[in-house]
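Colleague: I am new to this structure and would like to learn how to read it. Could you walk me through a few features?

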Amino acid sequence: MTLPTRRALVAALGAAPLAGLPPAPSSAASATGSWPSEPIRIFVPFAPGGSTDAVARLAAPGLQKRLGVPIIIENRSGAAGSIGTDAAARSRPDGYSWLITFDSHALMPVLVPNLPFDLEKDLQPVTQIGRAPYVTACQPAKPYRAMDDVFAAARRGGVSFGSTGNGTIGHLVMLMMAQRQGVELTHLPYRSGGLAVNDAVAGHVDFMIGSAALLAPHLAAGTLRPLMQLGEGRLPALGTVPTLREAGFEGLSAEAWWGAFAPAGVPAPILDRFQAALIESYREPAIARQFTEVNQAELVLGDGPALGRFVREQVRVWGEVARAHNVRPD
């Protein structure tokens with residue numbers, strides 16, 4: 001089966017500390033050309049410190065400049081991202097609540113029984129912000145130089161890996177790799193990428209898997225050693241690190257992705273204006289350079305329908321993997 005394809009990042013965000021939840025906005029302003037007239041809230045369904053939180057905060061200054069109102073990032077983590085996503089889906093479709101989320105978004109129908117919202121009916125896709133290959137890495141003091149060393153150790157038992165949560169593509173592809181190797185790995189899911197990285201750097205897990213955007217600063221600083229990259233080709237900054245295919249895992253690849261969504265029913269003029277402001281914010285040269293060159297990620301910035309089609313395919317392909325491995329939320 002062929003699968004589809006923070007200190008430096010956070011430091012580059014330049015986002016001022018963002019305050020708490022604003023009062024519920026009036027619906028009158030959102031239904032007129034006066035939008036926006038009040039603070040705009042962006043839900044991030046993961047704890048601070050991970051790549052999704054960083055990606056959202058990366059756009060906040062540009063959005064505030066273009067829309068002229070404060071941009072408030074609200075982190076609501078838990079249950080594979082479904083808690084924060086549900087908060088966004090239940091928000092009034094007045095243009096004052098949005099969602100920026102991660103690749104586990106497409107796995108929620110499988111991971112969360114009795115999901116209180118429908119991905120297609122209750123959320124409007126805005127844009128796929130970007131994507132980045134997953135990378136495996138370990139603390140340099142660990143005895144691993146490549147994933148073959150990890151698998152050899154796993155055959156002797158007791159190898160653990162951290163991820164940014166159950167149901168992320170990184171988690172699922174590690175399950176598939178372990179199955180092909182005939183080994184078991186102890187999975188330690190974290191509520192944010194920042195927490196996973198902290199434990200990997202401290203050596204509390206044997207290795208971790210995370211997006212290149214999350215791990216790039218630590219790989220560059222030498223606090224983590226790269227073992228394998230899981231994209232279709234080698235990243236410029238990881239030119240000596242093999243890909244999955246080069247390591248013998250034919251037909252496998254794994255990319256993290258980030259997308260923006262709105263509650264269903266946001267008026268088209270508001271949706272279009274927010275989408276344009278969001279895309280322009282990520283295309284600012286300094287932001288785009290940080291995203292692509294420093295963090296080894298790719299900006300996509302397509303339209304809403306393209307994101308909708310992409311998510312449906314992600315639901316189909318990775319949902320099969322999650323069901324086959326009986327994956328459950330954190």
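This is a predicted model: local features need pLDDT of at least 70, side-chain atom pairs count only at pLDDT 80 or more; totals for chains, interfaces and linings use all residues.

Colleague: Which residue does Phe-207 form an aromatic pair with?

Modeller: Ring pairs are judged by the distance between centres and the angle between planes. Here Phe-161 and Phe-207 are stacked, at 5.6 Å centre to centre with 20° between the planes.

Colleague: How many aromatic pairs does the structure hold?

Modeller: There are nine. One of them is Trp-98 with Phe-274, stacked at 3.8 Å centre to centre and 5° between the planes. Trp-98 belongs to strand 3 and Phe-274 to helix 10, 176 residues apart. Both of these residues are buried. Ring pairs also link Phe-46, Phe-102, Trp-258, Tyr-282 and Phe-291 into a cluster.

Colleague: Now a helix. Where does helix 12 bend?

Modeller: A bend is the angle between axes fitted on either side of a residue. Helix 12 bends by about 30° at Trp-318. This helix covers residues 304-324 and reaches 30 Å from its first C-alpha to its last.

Colleague: What do the buried residues of helix 12 pack against?

Modeller: Those residues, among them Leu-307, Phe-310 and Trp-318, pack against elements including strand 4, helix 7 and helix 10. At the start of helix 12, a side-chain oxygen of Asp-303 comes to within 2.9 Å of the backbone nitrogen of Ala-306. Just after the helix, Asn-326 has a positive phi of about 55°.

Note on methods:
Residues are numbered from 1 along each chain as its sequence is written. Side-chain values use heavy atoms; hydrogens and water are left out. Helices (H or I, at least four residues) and strands (E, at least two) are DSSP runs, numbered from the N terminus. The expected span of a helix is 1.5 Å times one less than its number of residues. The bend at a residue is the angle between axes fitted to the seven residues ending there and the seven starting there. Buried means under 20% relative accessible area, exposed over 50%, partly exposed in between (1.4 Å probe, protein chains only). Contact means heavy atoms within 4.5 Å. A polar contact is a pair of N or O atoms within 3.5 Å; within protein, one must be able to donate a hydrogen and the other to accept it, and residues adjacent in sequence count only if both atoms are side-chain atoms. Rings of Phe, Tyr and Trp (its six-membered ring) pair if their centres lie within 6.5 Å; planes under 30 degrees apart count as stacked, over 60 as edge-to-face and the rest as tilted.
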